[in-house]
Amino acid sequence: MGPSTAPCGVRTVSAATTEVGAKLVLVGDPAQIGVVQGPGGMLAHLTAQLPRIELTRIHRFTHDWEAAASLHLRDGDHRALAAYDRHGRIHAHSSGDDAADAVFEQWQTGTHSGRDVLMMARSWTDVTALSLRARAAAERDGQIHGPTLLDDGNRCWRAGDVLLTRRNNPRIRLSDGDQLRNGDRFTILAATNHGDLLVASRCGRGTTVLPADYVPFR
C-alpha cells in the first residue's frame with residue numbers, strides 16, 4: 001500500500017515502527033461488527049490491500065456444530081439460524097418487552113443457582129433497563145448492601161456492586177499476579193478514605209485495589 005492510500009493513523013504507526021526497525025502486525029477480524037455510531041472498515045480495507053495470514057481452525061467451541069454455525073453467522077448465511085434453532089438456542093417472543101422479561105428471568109434463575117450469567121441487549125435503553133432490574137434484585141437479595149461507598153453523580157456504588165474495567169493497566173496487579181485488563185469484572189468489597197476500591201475478581205483471580213484515578217466513572 002502506498003503512502004497516499006494508507007489511512008492516516010496507519011501511516012503514522014507504520015512510520016514509527018519503520019523508524020525503530022520494528023514489525024507492524026495488525027490482528028483482528030474484518031467481518032466483526034463495527035463500532036456503534038463510530039468509524040470503521042479500516043481492517044477490511046487493509047486485508048484487501050495487504051498480504052495477510054488467516055486462521056482456519058476454530059478452537060473456542062466445545063461442539064463441532066456450533067463452530068460451523070459461527071462461520072455461517074460470520075458470513076451472513078441463514079443456515080446459522082437453522083443450526084441454532086435445532087439446538088434450542090433461539091427463543092422467540094412476541095414483543096421486545098416479553099424478550100427482555102425472559103432474559104431477566106433466565107439471568108435471575110442462573111444467578112440464584114450460583115452461575116456467573118451475563119445479559120445482553122440490542123440497545124443502550126434495554127441495557128440500562130435490565131441493569132436497573134438486576135441491581136434492584138441484588139439489593140432485595142442482600143447481595144448489594146451497606147452505605148454508599150462512592151457517588152459519581154449518577155449512581156451510588158455500594159458493597160456488592162459489579163463493575164467492568166475499561167483499560168489495561170500493568171501497574172495494577174491481582175492476587176494471581178496478572179495485570180488488570182480491559183473487560184475484567186469485579187465485585188466491590190469496600191472503599192478507602194481516599195476513594196480507592198477494594199474489589200474481588202468475578203472469575204477467581206483474587207482481589208486488587210483500584211485507585212481512585214482509575215475507577216471507571218472517574
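# Briefing on a predicted helix-and-strand chain

Arg74 has a relative accessible area of 41% and is therefore partly exposed. This residue belongs to a predicted model, in which the protein chain is made up of six helices and eight strands. Read along the sequence, the order is α-α-α-α-α-α-β-β-β-β-β-β-β-β. The points below take up the overall dimensions, then the salt bridges, and then individual residues and surface features.

**Overall form**

- The protein chain has a radius of gyration of 22 Å, whereas a compact globule of 218 residues would have a value near 17 Å.
- Along its principal axes, the C-alpha trace of the protein chain spans about 60 × 50 × 30 Å.
- Of the 218 residues in the protein chain, 24% are buried, and the accessible surface of the chain comes to about 15,700 Å², with 53% of that surface belonging to carbon and sulfur atoms.
- Where contacts join residues at least 6 apart in sequence, 36% of them are between residues at least 24 apart.

**The salt bridge of Asp29 and Arg74**

- The structure holds 16 salt bridges, and one of them is formed by Asp29 and Arg74, whose closest N and O atoms are 2.6 Å apart.
- This pair links distant parts of the chain, since Asp29 is in the loop between helix 1 and helix 2 while Arg74 is in helix 3, 45 residues apart.

- Arg135 lies in helix 6, which covers residues 124-140, and its side chain meets that of Glu139 in a salt bridge with an N to O distance of 3.1 Å.
- Glu139 and Arg135 both lie in helix 6 and are four residues apart, which is about one turn of the helix.
- Is Arg135 buried or exposed? Its relative accessibility is 17%, and because the cut-off for buried is under 20%, Arg135 counts as buried.
- Glu139, by comparison, has a relative accessibility of 32% and counts as partly exposed.
- When neighbours within four places in sequence are left aside, Arg135 is in contact with Ile144, Arg155, Cys156, Trp157, Arg158 and Asp161.
- Arg135 and Ala121 are 14 residues apart along the chain, and their C-alpha atoms are separated by 16 Å.

- Strand 4 (residues 169-173) and strand 5 (residues 179-180) pair in the antiparallel sense over two bridges, and the bridge partner of Arg173 is Gln179 in strand 5.
- The hairpin of strand 4 and strand 5 has five residues between the strands, and within this hairpin Gly177 takes a positive phi near 90°.
- Which residues are linked in a network of salt bridges? The network consists of Asp176, Asp178, Arg181, Asp184 and Arg205.
- Within this group, Arg205 forms a salt bridge with Asp176, the closest N and O atoms being 3.2 Å apart.
- Arg205 lies in the loop between strand 7 (197-201) and strand 8 (207-210), and Asp176 lies in the loop between strand 4 and strand 5, so their pairing ties together parts that are 29 residues apart in sequence.
- Arg205 counts as buried, with a relative accessibility of 13%, whereas Asp176 counts as partly exposed, at 44%.

**Loop residues and a nonpolar surface patch**

- Leu26 is placed in the loop between helix 1 (8-20) and helix 2 (42-49), and this residue is partly exposed, with a relative accessible area of 44%.
- Together with Val13 and Leu24, Leu26 forms a nonpolar patch on the surface, and the accessible area of these residues together is about 230 Å².
- Arg57 lies in the loop between helix 2 and helix 3 (64-74), and with a relative accessibility of 63% Arg57 counts as exposed.
- Arg57 and Leu189 are 132 residues apart in sequence, and their separation in space is 41 Å, taken from C-alpha to C-alpha.

Conventions
Residues are numbered from 1 along each chain as its sequence is written. This is a predicted model: local features need pLDDT of at least 70, side-chain atom pairs count only at pLDDT 80 or more; totals for chains, interfaces and linings use all residues. Side-chain values use heavy atoms; hydrogens and water are left out. Patches are made of residues with over 30% relative accessible area and no salt bridge: like charges are joined within 9 Å, nonpolar side chains (Val, Leu, Ile, Met, Phe, Trp, Tyr) within 5 Å. Accessible areas come from the Shrake-Rupley method with a 1.4 Å probe; for residues, only the protein chains shown count as cover. A salt bridge is a side-chain nitrogen of Lys or Arg within 4 Å of a carboxyl oxygen of Asp or Glu. Buried means under 20% relative accessible area, exposed over 50%, partly exposed in between (1.4 Å probe, protein chains only). The radius of gyration is taken over C-alpha atoms; the globule rule is 2.2 Å times the number of residues to the power 0.38. Contact means heavy atoms within 4.5 Å. Two strands pair if DSSP finds at least two bridges between them.
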